[in-house]
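Here is a short note for a colleague who is meeting this structure for the first time. Please keep the model open while reading.

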Amino acid sequence: MADVTNDAGVGGQLSAGLLFAIASATAFGLSGSLARGLLDAGWSAGAIVLVRLSLGALVVAPLAVRALRGRWGALREHLGFILLFGALPVAGAQFSYFSAVRRMDVGPALLIEYTAPAAVVVWLWLRRGERPRPLTVAGAGLAALGLVLVLDLLSGADFAPLGVFWALCAMVGCASYFVLAANERPGLPPVALAGAGLTAGALVLGALGLVGLLPMDATTASPSYAVGAVPWWLPLAGLGVVTAGFAYCTGIAASRRLGSRLSSFVALLEVVAGVTFAWLLLDQLPGPLQLAGGALIVAGVIVVKLGERAPAPRPATLTTLRPVPDG
């Protein structure tokens, strides 16, 4: 989605890259279901995201430190960008997504967030005058139609307006990720940006919690899932280690082997994983109309990707971050 890599010549690394990409998308897709159990048990979205980002930062830290050897000045040079990256697309998108799944099912919330590529197209058109190609416009139209079906607007059924609002905020945060990650920062490798962004996001949320602007409610009550009640620390560990640290590391490894375009296509499996985990852990399954809308959204995103302008040639050493999404 954010084309900041040389997509050429992945050769024999294709199989390993696909395995990494599938593992990353599956891990990211688990986050909404794990968070929903904690939210129902009494945790606030801010507290969950703070723990998730903190644990994720610890997991990514060794890779980030290794990548920054001899280039520590890059953190100081790009401090403002790192804080913005951590606050908006990392912490902001995840907080908004968890706030959405507190009020609506995981599947529709994730599908709304994944309309972000269409929002990026509109942003680039309005901000930079990059007129989208007809194929891109068609893809955005498919995604918009799919969104109408996901929200079940045609039947007049009730839906959670506040949940939709937070899901749209998550979409904006996700879109900002693609825009910000596409801006190269000399001396700041992608894995270092991932680690620094997770750390910055945790610090921003922690500061907001300390001054009382963001509720930080926590409890030791056992969250319940379809498989039964589990210890409170288990989903937290899963969110931090699996859906943040592991997901980021495997996503970056996938992007290095596949290139940004192919890895971003495979990343759409996060939607499938998210819906599957919501069904297995929460007994949430979208209705036929919502499933059809979800298929249209995914198809629309694929068409948007196919309609993108080819990226300018970049040095072979540059790599890209895996899309974040959620969540």
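1. **Basis.** This is a predicted model, in which local features need pLDDT of at least 70, side-chain atom pairs count only at pLDDT 80 or more, and totals for chains, interfaces and linings use all residues. Residues are numbered from 1 along each chain as its sequence is written, and side-chain values use heavy atoms, with hydrogens and water left out.

2. **Overall make-up.** The protein has 14 helices and two strands. Both kinds of element are DSSP runs, numbered from the N terminus: helices are H or I with at least four residues, strands are E with at least two. Of the 327 residues, 51% count as buried. Buried means under 20% relative accessible area, exposed means over 50%, and partly exposed lies in between, using a 1.4 Å probe and protein chains only. Contact here means heavy atoms within 4.5 Å. Among contacts with a separation of 6 or more, 90% join residues 24 or more positions apart.

3. **Helices α1 and α11.** Helix α1 covers residues 14-29, and its axis comes within 7 Å of that of α11, crossing at roughly 150 degrees. That makes the two helices roughly antiparallel. Axes are lines fitted to C-alpha atoms, for helices over the stretch in contact, and angles run from 0 to 180 degrees between N-to-C directions. Angles under 35 degrees count as roughly parallel, over 145 as roughly antiparallel, 65 to 115 as roughly perpendicular, and the rest as oblique. The crossing of α1 and α11 is left-handed. A left-handed crossing has the near helix turned anticlockwise from the far one by less than a right angle; clockwise makes it right-handed. On the α1 side the contact includes L14, F20 and F28, and on the α11 side it includes V242, F246 and L258. The residues of this contact divide into 15 nonpolar, five polar and one charged. For these classes, Ala, Val, Leu, Ile, Met, Phe, Trp, Tyr, Cys and Pro are nonpolar, Asp, Glu, Lys and Arg are charged, and the others, Gly among them, are polar.

4. **A21, within that pair.** A21 sits in helix α1. Is A21 buried or exposed? A21 is buried, with a relative accessible area of 6%. Leaving out residues up to four places away in sequence, A21 touches A254, L258 and V266. From A21 to I252 is 231 residues in sequence, but 8.6 Å in space, C-alpha to C-alpha.

5. **Helices α10 and α11.** Helix α11 (residues 233-258) also packs with α10 (residues 190-210), at an angle of about 155 degrees and with the axes 10 Å apart. The two are therefore roughly antiparallel. Their crossing is right-handed. P190, V191, A194 and L198 in α10 meet Y248, I252 and R256 in α11. By class, this contact has six nonpolar, no polar and one charged residues.

6. **Helix α6 and its partner α13.** Eight of the eight residues of α6 (residues 106-113) are buried, so the helix is largely enclosed by the rest of the structure. The buried set includes E113. The axes of α6 and α13 come within 9 Å and cross at roughly 165 degrees. This pair is therefore roughly antiparallel too. The crossing is right-handed. V106, G107, L110 and L111 in α6 meet E270, V271, G274, V275, A278 and L282 in α13. That contact has seven nonpolar, two polar and one charged residues.

7. **The salt bridge.** How many salt bridges does a search of the whole structure find? The search finds one. The term means a side-chain nitrogen of Lys or Arg within 4 Å of a carboxyl oxygen of Asp or Glu. R36 pairs with D40, the closest N and O atoms being 3.2 Å apart. Both lie in helix α2 (residues 31-41), four residues apart, about one turn of the helix. R36 is buried at 16% relative accessible area, whereas D40 is exposed at 54%.

8. D283 has a positive phi of about 60 degrees although it is not a glycine. Most residues other than glycine have a negative phi. D283 is in the loop between α13 (269-282) and α14 (288-307), and counts as exposed at 60% relative accessibility. L58, in helix α3 (residues 45-67), is exposed at 62%.
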